[in-house]
Amino acid sequence: MRAYPLVVTSLVATGIVAVVAVGCQNQHEANQEAAQKTSLGASSSVQDLMKARNLSEADVEAALKTYVPTGKMDEYYIFASGGQSGNVDVIGVPSMRLLKVIGVFTPESWQGWGFGGESDKILEGGNQGIHKIRWADMHHPNLSETKGDYDGQYLFVNDKANARVAVVDLKDFATKQIVPNPLAASDHGGAFVTPDTDYVIETSQYPAPLGREYAPITDYKAKYRGVAIFWKFDRAKGRIDPSKSWALELPPYTQDLADAGKLGSDGWAYINSFNTEMAVGGTMEGKPPIESGASQNDMDYLHVINWKKAEELVNAGKTKTIAGMRVLTMDVSGPEGVLTLVGEPKSPHGCDVTPDGKMVIVGGKLDTHTTLYDTAKMKDLIAQKKFEGKDDYGIPIMAFKDAIDGQVEIGLGPLHTVFDDKGGAYTSVFIESVVAKWSYTDLKKPVEKLKVHYNIGHILAAEGDTVSPDGKYVVAMNKMSMDRFLPVGPLYPQNFQLVDIAGEKMRLLADMPIANAEPHYSQMIKADKIKAEKVYKSGTNATGEIDPNRVEGGKERVVRNGNKVEVFMTAIRSHFTPDRIEVDEGDDVTIHVTSLEAAEDQTHGFTIDMYNVNVSLEPGKHENLSFKADMPGTYPMYCTEFCSALHLEMTGYFLVKPKKR
Ligand code: K7E
Ligand code: CUA
């Protein structure tokens with residue numbers, strides 16, 4: 001009630017501003033200039049302001065490089081893993097402003113993601129075993145590619161905790177599919193795409209029997225396995241096709257990161273690993289913990305996979321079906337040259353193919369080097385069967401010295417590497433807490449270091465995983481932020497630091513606190529590659545289809561069939577039709593609701609109090625809400641989005657008549 005006069009007041013105020021803006025443009029500009037001067041307070045120049053705010057010239061330069069004035073747009077999008085939030089954060093560069101949080105694995109209430117509408121079915125599709133999984137540990141988002149370049153169409157993400165991969169459509173920035181991995185319990189090397197997005201690669205992390213069968217830990221070597229799934233992506237449908245997907249059985253070596261070859265190395269995939277010692281812990285039994293058991297050997301193994309050849313063998317039926325998936329087992333892949341190993345120094349992490357496809361770069365958590373593996377040399381060694389031995393599973397091993405191009409001394413704890421357009425490589429160095437810039441084309445070039453705050457994990461670069469990176473920016477994705485932001489209790493934000501790499505030396509430009517979880521990887525794409533829709537075609541549902549139950553204006557109705565009640569509803573500024581629904585306790589209710597809006601940014605929401613249902617109705621959107629009327633009573637239903645001056649009046653009642661007892 002009380003808000004109504006406020007609405008009118010704000011409308012009147014807006015009206016006045018509009019008249020001023022149209023009628024007296026010059027006066028308006030003069031006013032703005034005056035306002036800017038006064039907002040400097042007592043200072044009359046930039047110098048005074050710098051002094052007052054204690055800013056250096058470098059600060060001001062950084063501010064000018066990142067400031068995006070109102071009404072102007074950013075140059076790039078970052079698609080960042082939301083880590084334990086299970087969702088994707090979309091960030092603008094260079095402003096480092098948060099633009100959207102896309103509901104993926106975890107319910108997101110603004111988007112009505114997972115609160116009774118169509119999206120529930122997408123979330124249901126990602127259930128594992130008998131559990132309704134509603135959280136995720138997202139690690140590596142990957143954009144779809146055409147000829148090795150981001151094409152701005154799709155985003156793929158993985159869930160380490162529950163071994164799943166999701167597909168996000170960048171037409172509407174909404175998740176369209178979640179695919180559960182039937183073979184592994186955890187994944188990590190995902191979701192990496194091949195250069196034309198034929199496949200989305202998802203490789204396991206912690207070994208377990210394929211299909212997650214029980215096997216005692218003493219059977220680790222015999223029964224536990226790693227796995228790499230090659231999910232076939234159907235671009236026309238915009239979905240992964242599990243029936244055309246297949247997997248490669250791997251030794252129980254704790255596979256870590258993966259990447260697909262490109263250009264000359266297209267058709268190959270690479271996975272680094274750790275714990276090739278196959279340590280299984282036993283801290284209560286007086287045995288060393290996995291962390292020390294796994295750090296005994298000087299070398300772990302880079303897995304080199306000829307996936308084109310694997311595809312041929314799969315098509316020739318050389319597979320075994322496990323948990324409904326075709327699996328190429330090690331007794332086939334080893335002898336056929338599909339899977340080959342090569343040593344990797346000390347607890348490797350990161351596995352990044354250079355833009356020219358010639359090298360694979362691996363860091364080492366307990367090493368000071370990055371190692372460059374030569375993709376062409378490895379191809380030759382495999383073709384000539386020049387190996388130095390086999391592992392316990394019969395997988396051939398190439399000699400380290402034959403396979404590498406060289407090593408570069410980087411610093412303490414190099415992890416991930418990204419690239420610019422001039423042969424520059426940027427490696428995140430965790431222990432030393434720096435970004436190290438070096439040259440992958442000239443290994444003798446000195447390494448330049450930039451301190452970051454603090455303990456960088458992943459690093460990302462503008463168009464960094466493509467065949468043609470842009471240079472310009474990298475972002476340090478720091479795990480710790482000790483003294484960077486106002487204190488918010490013992491759980492600190494993560495810190496994204498934007499770094500300017502356009503000049504001779506790296507320059508730190510801005511910090512962005514990441515407040516919702518620990519991101520791992522992210523990718524950055526040129527903004528003009530994204531062709532986002534502004535409104536939906538009338539009746540579009542969460543799967544992107546025109547819903548068969550779409551409701552046209554004038555065709556609203558309530559259909560009863562025994563204890564099934566179907567409501568066909570429309571929403572338009574500022575009412576629902578019908579606005580009264582009366583059902584009996586115990587009825588199965590479905591509300592089909594279509595937004596009749598066609599104007600940009602005219603979103604409604606729909607909720608019924610106390611029923612834990614909520615959907616977002618963007619212009620043209622259709623939703624189907626299904627639930628049982630199991631709680632008798634009187635419940636207001638209303639629009640949850642401030643959509644018009646009479647938004648508060650966009651309401652109605654949901655009445656549940658109690659059963660006679
Ligand atoms: Cu955090 Cu890519 Cu999962 Cu490295 S991983 S930091
Ligand atoms: Cu519709 Cu508020």
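# Briefing: ligand shell, cores, cavity and pocket

The shell around ligand 1 comprises 1 nonpolar, 8 polar and 1 charged residue. Nonpolar here means Ala, Val, Leu, Ile, Met, Phe, Trp, Tyr, Cys and Pro; charged means Asp, Glu, Lys and Arg; the others, Gly among them, are polar. This is a predicted model, in which local features need pLDDT of at least 70 and side-chain atom pairs count only at pLDDT 80 or more, while totals for chains, interfaces and linings use all residues. Residues are numbered from 1 along each chain as its sequence is written, chains are lettered from A and ligands numbered from 1 in the order in which they are written, and side-chain values use heavy atoms, with hydrogens and water left out.

**Ligand 1**

- The residues around ligand 1 are His-139, His-140, His-188, Leu-257, His-349, His-416, Gly-457, His-458, Lys-479 and His-520.
- A residue is near the ligand if one of its heavy atoms lies within 4 Å of it.

**Nonpolar cores**

- The largest nonpolar core holds 50 residues.
- Phe-230, Leu-248, Tyr-270, Leu-302, Val-304, Tyr-373 and Met-378 have the most contacts inside that core.
- Met-378 touches Tyr-270, Leu-302, Val-304, Val-342, Val-360, Tyr-373, Met-398 and Ala-403, leaving out residues up to four places away in sequence.
- Contact means heavy atoms within 4.5 Å.
- A second, separate core has 33 residues, including Tyr-76, Val-499, Met-506 and Leu-509.
- A core is a set of buried Ala, Val, Leu, Ile, Met, Phe, Trp, Tyr and Cys residues joined through side-chain atoms within 4.5 Å.
- Buried means under 20% relative accessible area, exposed over 50%, and partly exposed in between (1.4 Å probe, protein chains only).

**Cavity**

- The whole structure contains 1 cavity of 30 Å³ or more.
- The largest share, 4 residues, comes from β12.
- By class, the cavity lining has 8 nonpolar, 6 polar and 5 charged residues.
- On a 1 Å grid over the protein atoms alone, a cavity is a set of points where a 1.4 Å probe fits but cannot get out; a pocket is an open set with protein on both sides within 12 Å along at least five of seven lines; lining residues have an atom within 4 Å of a point.
- Grid points are joined across faces, edges and corners, and a volume is the space filled by probe spheres set on the points.
- Helices (H or I, at least four residues) and strands (E, at least two) are DSSP runs, numbered from the N terminus.

**Pocket**

- The largest pocket holds about 1400 Å³ of space.
- It is lined by 43 residues, with Leu-99, Lys-100, Asp-172, Phe-173 and Glu-533 nearest its centre.
- At least two lining residues come from each of β1 (76–81), β3 (97–102) and β7 (174–180).
- Strand β3 supplies the largest share, 4 residues.
- The pocket lining divides into 19 nonpolar, 9 polar and 15 charged residues.

- Asn-272 sits in strand β13 (residues 268–273) and counts as buried because its relative accessibility is 0%.
- Beyond four places in sequence, Asn-272 contacts Thr-254, Gln-255, Asp-256, Leu-257, Tyr-301, Leu-302, Glu-344, Pro-348, His-349, Gly-350, Cys-351 and Val-362.
- Lys-346 lies in the loop between β17 (339–345) and β18 and is partly exposed, at 22% relative accessible area.
- Contacts of Lys-346 beyond four places in sequence are Ser-295, Gln-296, Asn-297, Asp-298, Asp-300, Gly-364, Lys-365, Leu-366 and Asp-367.

**Backbone geometry**

- Gly-190 and Ala-191 are joined by a cis peptide bond, with omega about 0°; Ala-191 is in strand β8.
- Arg-573 and Ser-574 are also joined by a cis peptide bond, with omega about -10°.
- Ser-574 is in the loop between β34 (564–572) and β35 (575–577).
- Arg-212 is not a glycine, but has a positive phi of about 65°.
- Arg-212 belongs to the loop between β9 (199–204) and α6 (220–223) and is partly exposed at 34%.
- Ser-433, also not a glycine, has a positive phi of about 60°.
- Ser-433 falls in the loop between β25 (424–429) and β26 (434–439) and is buried, with a relative accessible area of 8%.
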